[in-house]
Structures are given as structure tokens and as C-alpha cells.
Amino acid sequence: MKNRFFNPFVGSNYTKGIRGKRILVVGSSFYCDQQACPYFNRCTDVERKDSSEFDTICPAYQACGATLHDEPSNAISDAPQTYQRFASYLSSIVGKREYADVWSYVAFTNYVQFFLPAKAGHYRDTKPSDLSERDFEAFNETLRELQPHIVVIWGCVFNSRVREQNAYLIDRSELERTEWYICHLQVPGVSHPIAIINPYHPSSPAWNNKKVDFNRYFREVLKE
């Protein structure tokens, strides 16, 4: 059974990777603020948690020839400030300055597998109640498909499910050694351990305050 709805963005240089490592970036959620849309209430229903019914019939996406399930690629193309901020950090490691060039070396998706409701200009934080086990299984499907060496998790809303509450975690003690930045998973269907690194979300003030720590640990997993 396929649990994943969103197709991840996969950069043209993803297989080449960064210093030979395939890197997947995982954010929290996508949002919809089209409250006048006749499908809005069902598409963003936080109890139902399923936007797939409207994949090809969303009026806003139809108008530009897009589908909902390709939102990870749309998000990269739209280049919001959060994504630019992360690309700016990666640029010194990749050795590229342009936004599109930097993102071409990684893959990207969000953890929650439906659109959360939003108001124009106002996007609330993802809540624990927005998450489901479907999201966790979808995450594992993406790991099996993309076979990353490193997964960068933005923020903290789903990190405990992916790390401490994950049966595939193989080194909980590594979390304590690295100030809760790094651990490793051994996921069935993936031939190698996957390093999970969890910085603060690039949209938060703590991103800049703690970037030195993240940089130190990120460079550590790049050397593994």
C-alpha cells in the first residue's frame, strides 16, 4: 500500500550528491490558503488528513497545469525565504552560489502528507495532532526509494517519531553525544545506515543562533 501522496523533489545532481553523499531534506507541512475554493474544507481537513481526492482538480493548480502531489517541486521553484536561507547555508559546501544550482544537489519533501489549512498571509505551526502514522510510513517509503545517506530534518514537530520512537534507530547514545543533532537509522530496504541530522527550522530565529553547531555536525556526517 502506498502511503505517500507528495512526490519528492529530486535535484538533477542528487545522485552525485554532496561530497558523495545523497542528501534528503524533510520539512514539516505544505499549506493551502484558498479558502474560497469549493474543495478547501475537505482538502485541508485535519481530521481526514487526505488531499489526494483533489490532486488533479484543484482549481488553483489546474490553472497553471500543476498537480497537488508535485508540491515539493513547486515549493523549490517558488523559492520562499526559508528555502533560500537553507540554500545560502549549503552554497558554501556545494561550491555553488545560485539558488537553483544548490538545490539541484539534494532532494526535498515535507513529512505531513496533506495540505494544512491556512489564512492568506498567515501560516500556523504544524501541530502534533496534524501528524499520523501514514506520514511515518510515507517517510520510510521515500527513504527506500531515494536511498539517502543523510536526512536533514527541519525543526522538531516530527523529530521524536523519526528518532526516539523509531524501531529502526540504531544508536540512541549518539543523540546525547551530539546535543541531539545526529543519530542513525537502519531501515529495511536501504542497504546502508542513514544519518539523521536535526537542525532548528530555517524559518526560526534559532536557525541563525545555532547554525555554527549545525554546521559542525553536518560536516561530521558528510565525512562518514
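Predicted model: local features only at pLDDT ≥ 70, side-chain atom pairs only at ≥ 80, totals over all residues.

Visitor: Okay, which residues touch the most other members in the largest nonpolar core?

Guide: Those are W103, F108, V152 and F218, in a core that has 46 residues, and helix α4 (residues 81-94) supplies the largest share of this core, with seven residues. There is also a second, separate core of 26 residues, which includes L24, F139, C183 and I194.

Visitor: And what is W103 in contact with, leaving aside its neighbours within four places in sequence?

Guide: With that exclusion, W103 is in contact with F9, G11, V25, I76, Y83, F86, A87, F108 and W154, and of these contacts Y83, F86 and A87 are also listed among the buried residues of α4.

Visitor: Back to α4, then: where does the helix bend?

Guide: The bend is at S88 and comes to about 25 degrees, while the 14 residues of α4 reach 19 Å from first C-alpha to last, close to the expected 20 Å. After α4 comes G95, whose phi is positive, near 85 degrees.

Visitor: Switching topic, how many salt bridges does a search of the whole structure find?

Guide: The search finds ten, one of them between E145 and R4, with the closest N and O atoms 2.7 Å apart. That pair links distant parts of the chain, 141 residues apart, with E145 in helix α6 and R4 in the segment before β1.

Visitor: Is R4 buried or exposed?

Guide: R4 counts as buried because its relative accessibility is 9%, whereas E145, at 47%, counts as partly exposed.

Definitions and conventions. Residues numbered from 1 in each chain as written. Heavy atoms only, no water. Core = buried A, V, L, I, M, F, W, Y, C linked by side-chain atoms within 4.5 Å. Buried < 20%, exposed > 50% of the residue type's maximum accessible area, 1.4 Å probe, protein only. Helix = DSSP H or I, 4+ residues; strand = E, 2+ residues; numbered from the N terminus. Contact = heavy atoms within 4.5 Å. Expected span 1.5 Å × (residues − 1). Bend = angle between axes of the 7 residues up to and from the residue. Salt bridge = Lys/Arg side-chain N within 4 Å of Asp/Glu carboxyl O.
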